[in-house]
Amino acid sequence: MKRCILLYVAMLGIGVSAFAQTDRIPRFEQYPAKVEQARVKDIRFRADPDTRRFRTVLREALAEGVDFAGHYIIASWGCGTSCLVNAIIDARTGNVYWPKQLGVIYSLFDEPINYRADSRLLVLSVPTSEKGDVRRDSYYEWKGHRLRLLRTVQGKSN
């Protein structure tokens, strides 16, 4: 009888712990951003050499419009097999930001970066094993002109 009660209490504790851990995972709704129809005519290319070097893909992304944190645009392009280069464009000013967290991403997932126009939250998913069966999800808040790490979670890929 004591064994059953002890086992029940242990299982209850594990369940509550697992629930509490998923409860702390940031959600898009917790980091709202008011979506604007901001659109500059062009990107500020004089800011740095990388901006000039990637002017075609940056202009294409600018033409697609706001898709992140209210008035920003995520620009992504391939750099080889399972490789992405990323930048963030401010649709109000034309400034381009190159957060080191998004610089070059090697991923085996279809959507390694998840974000929304109405949220400042960005989720980066990268594999942590060669087979890609284990991944790390990093949750960032776009704050000012940089990404601030909120939380990192390790887990199995679906």
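Colleague: In strand 7, what is the bridge partner of Leu-122?
Modeller: Tyr-140 is the bridge partner of Leu-122 there. Strands are DSSP runs of E, at least two residues, and helices are runs of H or I, at least four, numbered from the N terminus; two strands pair if DSSP finds at least two bridges between them. This is a predicted model, where local features need pLDDT of at least 70, side-chain atom pairs need 80 or more, and totals for chains, interfaces and linings use all residues. Residues are numbered from 1 along each chain as its sequence is written, and side-chain values use heavy atoms, leaving out hydrogens and water.

Colleague: How many bridges join strand 6 to strand 7?
Modeller: Seven, and the two strands run antiparallel. Strand 5 (residues 113-115) is also antiparallel to strand 6, with three bridges, and Tyr-115 stands opposite Leu-122.

Colleague: How many residues of strand 6 are buried?
Modeller: Buried means under 20% relative accessible area, exposed over 50%, partly exposed in between (1.4 Å probe, protein chains only). In strand 6 (residues 121-127), six of seven residues are buried.

Colleague: Which side chain meets Arg-116 in a salt bridge?
Modeller: A salt bridge puts a side-chain nitrogen of Lys or Arg within 4 Å of a carboxyl oxygen of Asp or Glu. Arg-116 meets Glu-29 at 3.4 Å, N to O. Arg-116 lies in the loop between strand 5 and strand 6 and Glu-29 in the loop between helix 1 and helix 2, so the pair ties together parts 87 residues apart in sequence.
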